[in-house]
Amino acid sequence: MIPQQRQVLFFLVLLGMSRAAASQLEQFSVVEEMERGSFVANVAKALGLGVGELSKRGPRVVFKGNKEYLQLHPKTGDLLLREKLDREELCGPAVLCVLPFQILLENPFHIVRAELIVEDINDHSPLFLDTEMVLKIPENTSPGTVFVLENAQDLDVGSNSLQNYTISTNSHFHSQIRNSKGKRYPELVLDKALDREEQPEIRLTLTAVDGGIPQRTGTVLVRVLVVDINDNAPVFTQSQYEAQIPENSSIGSLVVTVSATDLDAGNNADISYAILHASENVRKTFQLTQKFGELYLKEKVDFELIQSYIIDIQATDGGGLSAECTVVIQVIDLNDNPPEVTISSFTSPIPENSPETVVAVFSVSDLDSGENGKMVCSIQDDLPFALKPSIENFYTLVTEGALDREYKAEYNITITVMDLGFPKLKSEYNLTVLISDVNDNFPVFTQRAYKLYLQENNSPVLHIGSVSASDRDSGVNAKVTYSLLPPETEGLPLFSYISINSDNGHLYALRSLDYEAIQTFQFTVRAADGGSPSLSSQVLVQIVVQDENDNSPFVLYPLQNGTAPCNDLVPRTAEPGYLVTKVVAVDRDWGQNSWLSYQLLKATDPGLFTLWAHNGEIRTARPINDRDAIKQRLVVLVKDNGQPSLSTMATLNVLLVDGFSEPYLQLPDASKEQVHTDSLTTYLVISLISVSFLFLFSVIMFIAIRLWKRKKDSINNSHFVSSGPFPDHLVDVSGTGTLSQSYQYEVCLTSGSGISEFKFLKPIIPTLPPAEESGKDLKTYT
């Protein structure tokens, strides 16, 4: 036994005998020399199967040693001859010529034992190996003496074999037949005494006749030489000699020596030896010395072809008397034949998810006998395969469970067969089993989630990034296609923003994006393989829109809409640092692009006012005197911190007055100055009217907002909201530049301590707040 290997001990003789009785055996017969393609039998009928059922089960015919005597038509089930069969070549002198074979049914696996019996026809004539026979008979030989003649050879068997011998007509002899060891031997019987002086030589014709139809014959010349009297025949020391010879004996080896003695003297005592009734195999294999009776090996013997030889040897003295002995030679088997592996069925590739599957069916054989013919069959230990013995010398190679192509796609299996002789001989047969792919792996993305950045105002059809997934399967099962999944909500028209290349996962922006409209959004990409059924995976992709400086600052106050100018009033008694007004501006960009700074470009009196650069507050720089003009015109530059920087100019008017009797004053003409003094009564009336108007407007706006909220659910949630008409006292900041949304701010002027106050409300129609802009509400400045 071989350690650490799966092995099965197979005894050809014992296992064959033990299973022969239990196995199904089908017998078919055919006459030799029939033409190729001749019909033998119908296997489907013999096995009790329908023709269609037999075809589905994948039948095959397997002979020992990869011989192909028959072929099986899978559709009709007919068993046909593949070649002409010569019974004498296949079975030699055996009376019954039987060729065993197996019928393999692969689905499900089953083996049927069968035999093909080759029937003999009379296609050989009897043949004498010598062209003539010479008999030396003393003239004093008594009538009735029997003389043994060489027999003829007929390769046919049964009734077609040699049946009779006849001798040509003569006055001295007749022929008779002696049956010995299953063969017919001709003998010559003396009928009339011989007279050497009358006739020294008699010529006869011996005819051998077989029993076939038509009969075939063979002839040989028999020469009878009449000699002087010889009254003692030779005598062998043994009637039977036995010898053994190994099959690897060299040519010229001495096999055995036979010996005979003769009591006569002179020429009558000289003995010569010859092989009698020798077959062609004996004549080719052995050589006998005529003088010494030594039998030598003329040609190498092979136990697998012939296991024993029986040779008749005749000793003849000088007077013509003879004696016979038998030599039995046994050929000793040596372990000179390695085992053979015959593959009957092989399946490759096999699916990776298959359960226990028959991969191959094969048989093993060894022409040697005894221990030399016993075999051990095995494969490597580290493979997910196993050997299972079947009937007689058949094995099946099966998988031990489901395989994984992604772990290993190919297996090299070595079938090793070793005999138990000495020295041990072995044979190896290599099988390469391919594992076919099954779609059992999902596509896997290279990242759990993707985050891509896109600069706003991008060009359409811009490549913004890629997603990538791989599949461990192969072929079509590994081909990954990409697609966008529809969003779970209808808030984002995803397919108008993003597209994906289904082959390589490249993502493209279909339109120009505006950071002020949308800062970030996310969607799901699905990767599906090409298997059946298809397997898929999903990944979340987040697009972050990056801001660029594409919005100029917008001045909320003072209004720059071309209507009646807004005047800020400053009492002439104001001290230095007095807050005159505040320039209020916003920038829809983000980060440093929205940082605003203020600069005083022009002023009627540059030294009278100062502008704070960071908050836009305008304050008096010195006390106001009588020489300062009533009308002061200021031009303020508002610019952001982007690259490049964008800016906006704002113009405001400041009136220097002695008091606040009028909340609104027209600009005086440049040619003359007019001083208006407002009474307290007029001021109170105007204030009352203003408060009443604001209250009425607030009620109207409250009702409008309530109605608007009710209709909100029916309005498409788009990031682009168009502005409509609003009350006159709201500052309408319509979308300009890349602003995609309108803002409305309420500006109120009040009186009190002599300082103008402004209240900036939140937008009446809010935007859809971005995820990253929760803290970007406008602040209230006072």
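This section describes selected strands, side-chain contacts and backbone features of a predicted model.

Strand β3 (residues 39-42) runs antiparallel to strand β6 (residues 78-81), and 3 bridges join the two. F39 has L80 as its bridge partner in β6. Strand β5 (residues 70-72) also pairs with β6 in the antiparallel sense, again over 3 bridges. Here Q71 is the residue whose bridge partner is L80. β5 and β6 form a hairpin with 5 residues between the strands. Within this hairpin, G77 takes a positive phi near 80°.

P246 stands opposite I332 of β24. Strand β23 (residues 308-316) pairs with β24 in the antiparallel sense, over 9 bridges. In that pairing, Y309 has I329 as its bridge partner. β23 and β24 also form a hairpin, with 5 residues between the strands. G320 of this hairpin has a positive phi near 100°. Strands of a sheet pair through backbone hydrogen bonds, either parallel or antiparallel.

β47 pairs with strand β48 (residues 617-620) in the antiparallel sense over 3 bridges. T610 has R619 of β48 as its bridge partner. R619 also forms a salt bridge with E617, with the closest N and O atoms 3.0 Å apart. E617 counts as buried because its relative accessibility is 9%.

V636 is found in strand β49 (residues 631-640). This residue counts as buried, since its relative accessibility is 0%. Beyond its neighbours within four places in sequence, V636 is in contact with V583, Y598, Q599, L600, L611, I618, T648, M649, A650 and L652. I618 lies 18 residues from V636 along the chain, and their C-alpha atoms are separated by 9.9 Å.

Charged side chains were examined next. The structure holds 19 salt bridges. One of them joins E201 and R223, with the closest N and O atoms 3.0 Å apart. This pair links distant parts of the chain. E201 lies in strand β14 (residues 201-210) and R223 in strand β15 (residues 217-227), 22 residues apart. E201 is partly exposed, at 27% relative accessibility. E201 and R223 also belong to a network of salt bridges that links them with E132 and R203. Elsewhere, the side chains of E428 and K426 meet in a salt bridge at 3.7 Å, N to O. K426 counts as partly exposed, with a relative accessibility of 47%.

E516 presents another case. It is placed in the loop between β39 (506-509) and β40 (520-528). E516 is buried yet has no salt bridge. The nearest side chain of opposite charge belongs to R588, 5.6 Å away. That distance is outside the 4 Å limit for a salt bridge. The side chain of E516 does make a polar contact of 3.2 Å with that of N551.

The backbone shows several further features. Most residues other than glycine have a negative phi, and most peptide bonds are trans. Two prolines follow cis bonds. The peptide bond from S532 to P533 is cis, with omega near 0°. P533 is found in the loop between β40 and β41 (536-546). Another cis peptide bond joins Y557 and P558, where omega is about 0°. P558 is in the loop between β42 (554-557) and β43 (567-571).

E33 has a phi near 65°. This residue lies in the loop between β2 (25-31) and β3. E33 is partly exposed, with a relative accessible area of 29%. H277 has a positive phi of about 50°. Its place is in the loop between β20 (272-276) and α5 (280-285). H277 is buried, with a relative accessible area of 9%.

How values were computed: Residues numbered from 1 in each chain as written. Predicted model: local features only at pLDDT ≥ 70, side-chain atom pairs only at ≥ 80, totals over all residues. Heavy atoms only, no water. Pairing = 2+ DSSP bridges. Helix = DSSP H or I, 4+ residues; strand = E, 2+ residues; numbered from the N terminus. Buried < 20%, exposed > 50% of the residue type's maximum accessible area, 1.4 Å probe, protein only. Lys, Arg positive; Asp, Glu negative; His and termini not counted. Polar contact = N/O pair within 3.5 Å; in protein donor to acceptor, adjacent residues only side chain to side chain. Contact = heavy atoms within 4.5 Å.
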